[in-house]
Number of protein chains: 2
Amino acid sequence: MNGTISKQALRRLPFYLEYLKKKQTEGVRNISATTVANDLKLNEVQVRKDLAAVSLTGGKPKTGYVATELIRDLESFLGYDNTKEAVIAGAGKLGQALLAYKEFERYGLDIVAAFDTDESVVDGKRVLPAEKMSDLCSRLKIHIGIICVPPECAQQVCDEMVACGILAIWNFTSVHLSVPSGVLVQYENLAASLAVLSQNLEFEIRDGHIF
Amino acid sequence: MNGTISKQALRRLPFYLEYLKKKQTEGVRNISATTVANDLKLNEVQVRKDLAAVSLTGGKPKTGYVATELIRDLESFLGYDNTKEAVIAGAGKLGQALLAYKEFERYGLDIVAAFDTDESVVDGKRVLPAEKMSDLCSRLKIHIGIICVPPECAQQVCDEMVACGILAIWNFTSVHLSVPSGVLVQYENLAASLAVLSQNLEFEIRDGHIF
DNA sequence: GTCAATTCGATAAATTTTTAACGATTTTGC
DNA sequence: GCAAAATCGTTAAAAATTTATCGAATTGAC
């Protein structure tokens, strides 16, 4: 257990966790970094380092890690055992999908409310009028805001969030957001992912693995 | 114009594009890498290199790039002008959101159909029964598959896609997919993004920029 | 018990990505 | 025209990330 971890490594942790849980349901008790690496098609040393960074007990030569312990350590490191509250701005299709996304619960994220111009109900959760966002965030001391509004309003909504105490913003729009220092913006950019995907695809097709 | 570009840089391109288009609507004709970097809070050299890698004409000292040309080059490089067809497996909330996501059109992605156990209609697009996926993908020579099914079925759906000629898979589930070499999997992992977000948030709170 | 096989953890090398430094080029103002 | 300011593109350095190497520790077979 190291405490610090690279950003890239951090992104891999949820993968390990998912994998380990699956293995556990299959009855696996011990698991080595080697096995994880082979199954997930990752470099062995990379996996070993990643796991070493989060595991409290470490692994044992020849046997590897105890699955239950490693899962616990991963969940703890990722903060899945310590629920954080968030709000969503924008209850269009994407906002609704996130609002209804059951997995967030497992990841320690509780979406307490969504806001939009039109009130409605999604999956049993109420969508409140946008004007109420500031008040609710301040009162409940919400620190995470998720932005799913149309690009034109993104910056304005962002400013509102910052004003009422939000410290981290998960931005699902494609626009850049200006925030004061001390506020985090994490971009979830479908266009960027798609770009990587199609570029690689083209590469594969052209450079001849296929055809 | 270089042709090759790093994966990280590729992910930044859609950002530049979005930004440039916004600037253009504001009447900007020429724009420098310096300005882009300042506005997007990126390193100047990085932006300059990224743009140099895609721009055919290059920029001119003192004036920078011609906005229209740079936009065109970015779109061309990203393949937005050359539409690729894709199918979606799984028309739950997320699948529906993607199916209805208008922006994909601008990114050169055309989702021609979605498949699920229950037939339905989403946003004017038909959701077809899952059994028809293989046939349709083969006939239309679809190369991109988007997976939004529950994690338990992900691998099975993936295998089906591979079997009918899909070469690139955009995986919105949290499970690892095994594919033969020559098939690409791009993971879109909300859990991973969330992990990065909350880790950074915790960091900020603890290490005292805030409180 | 000893030996071979496996895995860990650490240190070192290689690669990739980001950032800095600098000369060359073009515009603007005089 | 000429000097100053701004920007480009290139080359070099720094930082981050990935991959390789190696000795030590543990298990299981003989």
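User: Why is Arg72(A) called partly exposed?

Analyst: Arg72(A) has a relative accessibility of 47%. Buried means under 20% relative accessible area, exposed over 50%, and partly exposed in between (1.4 Å probe, protein chains only). Because 47% lies between these limits, Arg72(A) counts as partly exposed. This is a predicted model, in which local features need pLDDT of at least 70 and side-chain atom pairs count only at pLDDT 80 or more, while totals for chains, interfaces and linings use all residues. Residues are numbered from 1 along each chain as its sequence is written, chains are lettered from A and ligands numbered from 1 in the order in which they are written, and side-chain values use heavy atoms, with hydrogens and water left out.

User: What makes the pair Arg72(A) and Asp73(A) a salt bridge?

Analyst: A salt bridge is a side-chain nitrogen of Lys or Arg within 4 Å of a carboxyl oxygen of Asp or Glu. The closest N and O atoms of Arg72(A) and Asp73(A) are 3.2 Å apart, so the pair meets the rule. Asp73(A), at a relative accessible area of 4%, is buried.

User: How is the pair Asp73(B) and Arg72(B) described in chain B?

Analyst: Asp73(B) and Arg72(B) form a salt bridge, with 3.2 Å between the closest N and O atoms. Asp73(B) is buried at 4% relative accessibility, whereas Arg72(B) is partly exposed at 47%. Elsewhere, salt bridges with shared partners join Glu18(A), Glu103(A) and Arg106(A) into one network. Over all chains the structure holds 24 salt bridges.

User: How do you know that Lys93(A) and Asp123(B) form a salt bridge, and where do the two residues lie?

Analyst: The closest N and O atoms of Lys93(A) and Asp123(B) are 3.4 Å apart, which is within the limit, so the pair is a salt bridge. The pair crosses between chains: Lys93(A) is in helix α5 (residues 93-100) of chain A, and Asp123(B) is in the loop between β5 (120-122) and β6 (125-129) of chain B. Helices (H or I, at least four residues) and strands (E, at least two) are DSSP runs, numbered from the N terminus. Lys93(A) is partly exposed at 34% relative accessible area, and Asp123(B) is partly exposed at 44%.

User: How many salt bridges link chain B and chain A?

Analyst: The count between chain B and chain A is 2. Lys93(B) and Asp123(A) also meet through their side chains in a salt bridge, at 3.4 Å from N to O. Of the elements of chain B, α9(B) gives the most to the side that touches chain A, with 15 residues.

User: What makes a residue part of the contact, and how much area is buried?

Analyst: Contact means heavy atoms within 4.5 Å. The contact takes 61 residues from chain B and 61 residues from chain A. Buried area is the accessible area (1.4 Å probe) that two parts lose on being put together, summed over both. For chain B and chain A this is about 5,700 Å², 70% of it on carbon and sulfur atoms.

User: What is known of chain A as a whole?

Analyst: Chain A contains 9 helices and 9 strands. Buried residues make up 49% of its 211 residues. The C-alpha trace of chain A spans about 60 × 50 × 35 Å along its principal axes.
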